[in-house]
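Trainee: I'd like to learn how to read the contacts in this model. Could you walk me through it?

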Amino acid sequence: MAWVVVAAGPMLAFCPSVLGRDETGPLVDGAPPVEKQIFFGRDIRPILSDRCFICHGADEKRRTSGLRLDSFESATEAREDGFAIVPGNPGGSLLWSRIRSSDADEVMPPPDSNKRALNDEERELIRRWIEQGASFEPHWAFVPPQEPPLPEVKKLAWCRSAIDRFILAPLEAVNLAAGDPADRETLLRRVFLDLTGLPPTPQEIDAFLTDSRPDAYERWVGRLLEEEPYQSRFAERMALPWLDQARYADTNGIHMDAGRQIWPWRDWVLRAFRDNKPFDVFTTEQIAGDLLESPTLDQKVASGFNRNLMSCDEGGAINEEWLFEYAVDRVNTTSAVFLGLTMNCCQCHDHKYDPLTMREFYSMFAYFNSIDEPGLYSQSPDPYRAMEPYIEVPAPEVEPKLKVVTADLQAAEAERDSIGAAADEIQSWLGERHREWGIRWDRGKVIAATSSGGASLAPQEDGSVLLSGQNPPLDDHSITLRTDAVGSRLVLLEALPDPSHAGGRVGRSSNGNAVLTHFEVEAASVRNRKQHRPVRFVWAFADFNQENGEFHVLNLLDGRGEGWAVRAYDDAGNGGRTAVFLAEEPFGFEGGTELRITLRYQSRYAQHVFGRVRLSTAALSESAVDVLPLALGDWHELGPFAANDHDQAFATIFGPEQDIRIDVGRDFGHGGLRWVRKFYPDAEVHRTQNAQNSAYYVARHVHVPTARKVDLSIGSDDGMKVFLDGQEVYSNPEFLGDLADQKKTALDLTAGMHTLCLKVSNSGGPGGFYHRVVARPGELYGDLVAALLPQDSRDGGMRLKERFAQSWKLAFSPGYLRAVERVKDLKTALAELRSRVPLTMVMKELQEPRPAYIHIRGAYNRADTTRKVERDVPRSLGGLPAGAPPDRRGLAQWLVSDQNPLVARVIVNRFWEMLFGTGIVKTSEDFGFQSDWPSHRELLDWLAVAFRDGGYRDGVGPWNVKAMLREIVTSSTYRQSSRRRAEAAMIDPQNRLLAYFPRKRLPAESIRDQALYVSGLLVEKLGGPSVKPYQPEGLWEAVAMRESNTRLYQRGDGEALWRRSLYTYWKRACPPPSMQTFDAPTRETCIVRRMTTNTPLQVLTLWNDVQFVEAARVLAQRTLGEAGEDGARATTMFRRVTGRRPQGEELHLLLGVLGDFRDRFKEAPQDATRLLSQGDADRDDSDPAELAAWTMVAQALLSLDETIVKG
Amino acid sequence: MNQNAPPQDPLETYFLNLTRRQFFGTAAASLGAGLLGPAALASALNIDLDAGRRDAAARGLGSLGAPHTRARARRVIYIHLVGAPSQLDLFDYKPDLGKHFNQDLPDSIRMGQRLSTMTSGQSRFPVAPSIFKFTRCENNEDGAWISELLPYTQKIAKEMCIIRSMQTEAINHEPGITFFQTGTQQSGRPSFGSWVSYGLGSANADLPSFVVLLSEGFGNTQAISARLWSSGFVPSEHQGCQFRSGESPVLFLRDPEGLRREDRRRMLDLAQQLNEREFARSLDPEVKTRIAQAEMAYRMQVSVPELTDLRNEDARTLQMYGPKVLEPGSFANHCLLARRLAERGVRFIQLYNRGWDQHGNLPSELKMQCDAADQPWTALVLDLKRRGMLDDTLVIWAGEFGRTAYSQGDLTDKNYGRDHHPRCFTIWLAGGGIKPGISYGKTDDYSYNIVENPVEVHDLHATLLHVLGIEHEKLIYRYQGRDYRLTDVFGEVLSPLLS
């Protein structure tokens, strides 16, 4: 490689680390040493850091032989075997002899360490460094930046900005001239794309080309930054990398990958860039907006920065684990974005390279671990939900209305509650009813009580049976009751709480809950033992049915499902439980009856038995049976079943409608769809998850005590069919909204059990249904049915007494009914207002901060409670400003303080990277010891100080983003031509010295935005909810869980197809495919720097993604709409796309191909028509062959290298 | 290359570099341009850079240039059973467990280990023996016990290296799959396939080097996401390219209706002529790369449909894979596609089959899963074998963890469910470099803990890389100032598994 070294010789002398090293190791093996000044940070530390620090660095755990090579003091102290380093004396330094040793046991780094051996050049560097005194200067990035003096340059006239002097000086040092200026067309397109993400139009180019004023370019830069529509585009362009860094997305990212709402935060970012919010404020509000004094709504919204992380809803995951993960993510993201540091390394151990410790990591962690948030979220059907904590972000015009309605609602609720329970009235009504219905409750006498599993059952004074002793996992309890009553219809089962059970609840299990799976009764005549018959029940009511599974009391009527459970496991579960059963026919023998009652507990839940039960019977007149309401089982839902269009979804029989029973195990195909139980209260609108053109089913069992005709009040979005026991009884294909009481249908019911099935078909947008059984006059609807019960059981658990009183008032107190209806109306009005109010996720501190500890090996469940940490910032990065509050406000103050060495450098470096493709520090995500040495260290410091302090131009204040960008893009450096110069490329292949402007492919979003813009399709509107443009079918479905509310992609229409790409809905498990192809990250974690690859899949996207085919066609339409002949039109099209006029043969080539395609499509006009049918955008009435030919030319232009590259 | 003997000829140096390094896009600049970028040199010396690039791709050279050691396998087919199939009902035969039916799992076995919150609240942990019969199938040792649910698999016991002592750290699906496929539980790292693609490159210039196929099952479906085949921080050309069922197996592959192939060619010719002029203006070698990639895109439009067109497969082959083989998107269809991809030199073929998460109704659901998948994966192994490809194709069959010996929920003599179990589970390997017809590792009487030869995920990864000729400690990518590996800082090659 000697040849290369000769060529590069002068260069190496100037700046070897910039040009002579790369990440895979130096290629300058065998190079002759070049005399030069050694810089520890540039030349030596990278070697030590890479090969030595892992064992001889800051990490105490890994340190071997007690030697540290990361400070002068420790490296030069006396050791048993001598000195690692003797300054000025390599020969006396063990370091020098060990790295040169040929003995495998001696040589450093050890051959088995997987560290590359030092090469000759590296060894020589170390020798000379020791010789020159082995100075350990601190890492440049950890020292606050000072404004450096401007370097001397020969060609001062070239320099427009201080920036140019820093760039020119090194070029002159290697005898390279600065590049020629770019031509004006190229420069204008470059700055348009850089600052707005969109190219200039031919009119804008012409305006610039004909503007001969010397500051014409500066004027355009000013307009792009300050004037509409440019400054909104500027905001959209600047927000893009920020969204990557903040890991912004529209779904939670894990497991269900449920939808979330946090786009108001994204809009805050857009406004911040548009309005040029100073970067220190921008930082502070995002880190700690919620904690500022009397925070504005906007400041709270800004704090959503650290809520953008992924969140978990996987059943079986552990709450504490995820709370830990969230705080860790916030440390990692905050440090990567603002500090350019990889603090994530310190989650498990002290940093291997940087002066950051585990303790410091957890001190940062302590700022973020006390958010009032759950570790695990439960999915709700609403994909527009915001995960708590969140706030509402009402538009200014909605806010006063909200206030008024909220106040009205409070008043109406107070009025409703003031209408007292007319106790006397209720009492006398009950008395009358019981007489009329012939109810007289009879407790009988317990004459035997046994357990199959060995429990003891003891009859009590109050007629109940108390369990004690053994408690087997599964058990059957038999109780025999002696009664003289005849003509009984009702059996009452009271489960009573008892102090001998866990928590004094009704169940004997460890959590106090119970699941009764079978309730069997047999009546036997006392007089004639041979006379006995089973009692069959046809209707039941329970004061409470557990909502989270197949636990409805109706399961007991036919032995189906899992039995009746009563949620006695939580604090709301105190008190007794009651169920009442209606027999098919009267029972009881003259001369006395023995009722043999078996309570079976055979669920999967061990020991879930009632611990004390009481049984009673009562007669009931036929007239009373007729006013019993329907007993309604839980809803089950099934779907969605996809179809090609709404008609097909509505008409197709997918299977569930034909079933006369709900079979929860049945697989209906379509990817294993099965019934899922749902808690859908009646008389409310429920959203279903049927996307565009699909069908959805909800079904329930209904038990009817007597034959009757019943009205259903229903609503649906869109079409609905109603099936009773497999027969269609109602059908309406209309497109409707899911509102209450839209339509009515009647059911003719015989006594007994029925299956009611509603089929909802949806054409697009959210689907939903509404259902209510219309009560007949005198019917005991709602909790009024508790009128059947004896007084003391009505007063038992689960607020039945109050619920009954409410139902009674609703039925018999007109004033109360009116008050209730008013509350309901106001709630609806409020909900309607609220539905138009965006929600956004924010930070919110707990009242009491959680303590923070060092976690052993970074494991969530291994907090070392002997090592508690307080909130603090890393020592090596300056300290907290005096008086900084001990919360995120203090953290923010530190970030933007003068003492912080990193933030200003990190941010200006990213601006530089955005404009020049590569940062001054190439590793823009890492400014630590392992970072790439800056190509222009003084320039970076100059920019950082200028950005932080302002004042470098008149009127520029601190942290002024637009001014900083203006400074850079108006520099001579930025205005250079991008032609790769051979003489520069020879000695500086990566163009780190910027002898010419680096070409760079556009980011994914810009490529699509540009195609939409040049064709005229782009719909410009700053902010708003995310949109769903074209996407190939089935992508989401292929990765999503069946229950996920982002399983089906519901493409948007109209404007939604043509918004800028940063508004495209971002599902983390399946990001927009064309964005991914062009190197967009998944937004799962913070990404500071995107890659740029060059693949065939990108080419295919440009050719065949309907978005680009449509753009080509609309660009062709636009072109045909312009005046002139082919040449003029082609020139305009070419200019729109590339920003320049065609040169030389180019126009000729274009027209030739245009002519070929014209002939081709004239011969086969049907092919032209098919090509032109792509996309929703209107087609004009131009000749198909002509339009198709131009479309193909447009396709060629849109896929050109120079089109998707900023030159 | 002898580092101490500088070559005399700069051109020779350049081409030596080319063969050592990979040249795609800017990755080339950062990888190869340390001293003198090949692009700069190329433009200075007027060399057609793409010739080298294409050459490198054609020879299958990735970042490693050449394998570290002798590669026993040249490509990988990895079947991931999403949801975690039950080892107790498929491979880990526990005939004596029947005696413990519905008894509590002894504390001496459970040892207080972490449970998922789906069963940690369960009041008891009743042992649920498998209701399925097992058959001893002849292999190259004393036989392998395989469940009646897998009658086809029973026939390939001689090819299988069954590892019964696999273990993992994760207890839930998301982190579990992520760990198995990327070497850590956190997201953001390159997947196994991306590492292999990055290391070894492509052996076919007309197809992606890492292809992903997703198929549905019948049982409880767990989520998967693009992160599993993401390239993380290695260049994104190494991300898995998802092949889909239907007319456009690769996204945007098909030209719009109305276009003929010669139309695309004509359009492309115009674009390429303009691109050549752009190269002449800018001298940027990236333009040349884009020109080459457009040509590859054009070729892929033929090579991919040809690949997915099964019409030229003979009847016997189709029959082998079972009745659903022609149904696009079915697992059987994907198994056959996997063989065709392997034949064409695709480096890493990742199959996901969903629906293996049997928390309840395991006997019926698992049976449905097996009925649909057993024949196709068996056919894949046999098909590779009879074509002589099994010798240099590595087949991996694995879920993300195992399932508990105790029942989740209802236990009857006919029905039970099983929760997640990371402490032990069974996977199997077959093909190139792997010792065929053996079993490795043992579990205790309850298939709850490992009693012999535990296999960590990192060890498995190290071993699999080894058979591909890669030393796992040397397949490195530097990111954020740190060297990253698939095996993090762990992993040992398990020599007993090697042939």
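Trainee: How many salt bridges are there between chain A and chain B?

Mentor: A salt bridge is a side-chain nitrogen of Lys or Arg within 4 Å of a carboxyl oxygen of Asp or Glu. Between chain A and chain B the count is 10. One case is A:Asp1201 with B:Arg290, whose closest N and O atoms are 2.4 Å apart. By the way, this is a predicted model, where local features need pLDDT of at least 70, side-chain atom pairs count only at pLDDT 80 or more, and totals for chains, interfaces and linings use all residues. Residues are numbered from 1 along each chain as its sequence is written, chains are lettered from A in the order in which they are written, and side-chain values use heavy atoms, leaving out hydrogens and water.

Trainee: What is the area buried between chain A and chain B?

Mentor: The size of an interface is often given as the accessible area lost when the parts come together. Here that buried area (1.4 Å probe, summed over both parts) is about 9600 Å², with carbon and sulfur atoms giving 56%. Contact means heavy atoms within 4.5 Å, and 109 residues of chain A are in contact with 112 residues of chain B.

Methods. Buried area is the accessible area (1.4 Å probe) that two parts lose on being put together, summed over both.
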